[in-house]
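Colleague: Please take me through the terms applied to this model, with the criterion behind each.

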Amino acid sequence: MEMQLLDYYKAIEAKSADMLQAALQHNWDAVVDCEKACGVLINELRLQAESSALTGVERKEKTRIMQRILRNDAQIRVLAEPWLAQLDHLGKVPTSVMH
């Protein structure tokens with residue numbers, strides 16, 4: 001069965017979730033494997049997108065999927081580089097300082 005455009009987004013979302021689980025377990029080899037698999041899926045998605053388009057309903061689903069992938073990615077970055085969370089904290093200005 002041929003994959004449709006939205007199927008690629010769903011596959012990337014699933015691989016992103018797998019990557020987050022691997023990061024939570026500090027299994028960085030598995031994170032790298034998932035990252036490579038995502039890269040292959042993204043390349044296939046780009047090729048498929050050249051000849052296919054999403055419907056309105058599918059675009060909404062794509063938006064939901066992309067938001068989940070971005071949340072997963074942010075969590076993975078914090079787990080991989082905990083100092084990023086400290087920088088993020090330092091970048092916040094307390095509202096009491098603002099006029």
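Predicted model: local features only at pLDDT ≥ 70, side-chain atom pairs only at ≥ 80, totals over all residues.

Modeller: Residues are numbered from 1 along each chain as its sequence is written, and side-chain values use heavy atoms, with hydrogens and water left out.

Colleague: Why is N72 called buried?

Modeller: Buried means under 20% relative accessible area, exposed over 50% and partly exposed in between (1.4 Å probe, protein chains only). N72 has 4% relative accessibility and therefore counts as buried. N72 lies in helix α3, helices being DSSP runs of H or I with at least four residues, numbered from the N terminus. Leaving out residues up to four places away in sequence, N72 touches E13, S16, A17 and L20, where contact means heavy atoms within 4.5 Å.

Colleague: What makes α1 roughly parallel to α3?

Modeller: Their axes, lines fitted to C-alpha atoms over the stretch in contact, with angles from 0 to 180 degrees between N-to-C directions, come within 9 Å and cross at roughly 20 degrees. That makes α1 roughly parallel to α3, as angles under 35 degrees count as roughly parallel, over 145 as roughly antiparallel, 65 to 115 as roughly perpendicular and the rest as oblique.

Colleague: Which residues of α1 and α3 meet?

Modeller: Among them are Y9, I12 and M19 in α1, and I65, I69 and N72 in α3.

Definitions and conventions
Helix = DSSP H or I, 4+ residues; strand = E, 2+ residues; numbered from the N terminus.
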